[in-house]
Amino acid sequence: MCLYGGTFDPPHYGHLYPLQQTADLLGIKRISLVPSHIPALKHGVSSTAHRVAMTTLLAEEDERMSVNLIEVNNNKTSYTVDT
């Protein structure tokens with residue numbers, strides 16, 4: 001399994017293609033996209049709900065992908081080290 005976090009504002013093919021290529025190369029069967037709730041380094045981003053909805057659409061592009069709401073459910077600033 002692979003965890004891939006980010007603001008995803010918006011999610012785009014620059015997220016999708018490298019993930020797919022890496023998963024193919026390493027034989028990764030599951031990829032969890034982890035949208036941040038309150039990004040530590042970005043300000044003025046779209047609402048969390050909107051970014052989750054956009055990330056869900058991205059996940060539909062590849063059956064290996066799903067959205068993981070661990071950072072959203074924490075309801076605090078998102079830091080990779082905590083996740």
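## Basis of the report

Residues are numbered from 1 along each chain as its sequence is written, and side-chain values use heavy atoms, with hydrogens and water left out. Because the model is predicted, local features need pLDDT of at least 70 and side-chain atom pairs count only at pLDDT 80 or more, while totals for chains, interfaces and linings use all residues.

The term pLDDT denotes the predictor's confidence in each residue, on a scale from 0 to 100. Its average over the protein is 95, and 100% of the residues score at least 70. Helices and strands are DSSP runs numbered from the N terminus (helices: H or I, at least four residues; strands: E, at least two). Among the elements, strand 4 (residues 65–67) has the highest mean pLDDT, 98, and strand 5 (residues 77–78) the lowest, 90.

## The nonpolar core

A nonpolar core is a set of buried Ala, Val, Leu, Ile, Met, Phe, Trp, Tyr and Cys residues joined through side-chain atoms within 4.5 Å. Buried means under 20% relative accessible area, exposed means over 50%, and partly exposed lies in between (1.4 Å probe, protein chains only). The largest such core has 11 residues in all, including Cys 2, Phe 8, Leu 33, Ala 59 and Met 65. At least two of its residues come from each of helix 1 (13–26), strand 2 (31–35) and helix 2. Helix 1 gives the most, with 3 residues.

Ala 59, one of the core residues, is in contact (heavy atoms within 4.5 Å) with Leu 33, Met 65, Ser 66 and Val 67, leaving aside its neighbours within four places in sequence.

## The largest pocket

Rolling a probe the size of a water molecule over the atoms shows where empty space is left. On a 1 Å grid over the protein atoms alone, a cavity is a set of points where a 1.4 Å probe fits but cannot get out, whereas a pocket is an open set with protein on both sides within 12 Å along at least five of seven lines; lining residues have an atom within 4 Å of a point. Grid points are joined across faces, edges and corners, and a volume is the space filled by probe spheres set on the points.

The largest pocket has a volume of about 360 Å³. Its lining consists of 19 residues, with Gly 5, Gly 6, Thr 7, Ser 36 and Thr 80 nearest the centre. Strand 1 (residues 2–6) gives the most to this lining, with 4 residues. The lining divides into 8 nonpolar, 8 polar and 3 charged residues. Here Ala, Val, Leu, Ile, Met, Phe, Trp, Tyr, Cys and Pro count as nonpolar, Asp, Glu, Lys and Arg as charged, and the others, Gly among them, as polar.

## Backbone features

Most residues other than glycine have a negative phi, and most peptide bonds are trans. Phe 8, in the loop between strand 1 and helix 1, has a positive phi near 50° and is buried, with a relative accessible area of 2%. In that loop Pro 10 is also found, and a cis peptide bond with omega about 0° joins Asp 9 to Pro 10.

Asn 75 also has a positive phi, near 55°. Its place is in the loop between helix 3 (70–74) and strand 5, and it counts as exposed because its relative accessibility is 56%.

Ala 40 is found in the loop between strand 3 (38–39) and helix 2 (48–59). With a relative accessible area of 28%, Ala 40 is partly exposed. Not counting residues up to four places away in sequence, Ala 40 touches Thr 77, Ser 78 and Tyr 79. Ala 40 and Thr 7 are 33 residues apart in sequence and 9.5 Å apart in space, C-alpha to C-alpha.

Asn 73 has its place in helix 3 and counts as exposed, at 59% relative accessibility. From Asn 73 to Ser 36 the separation is 37 residues in sequence and 9.7 Å in space, C-alpha to C-alpha.
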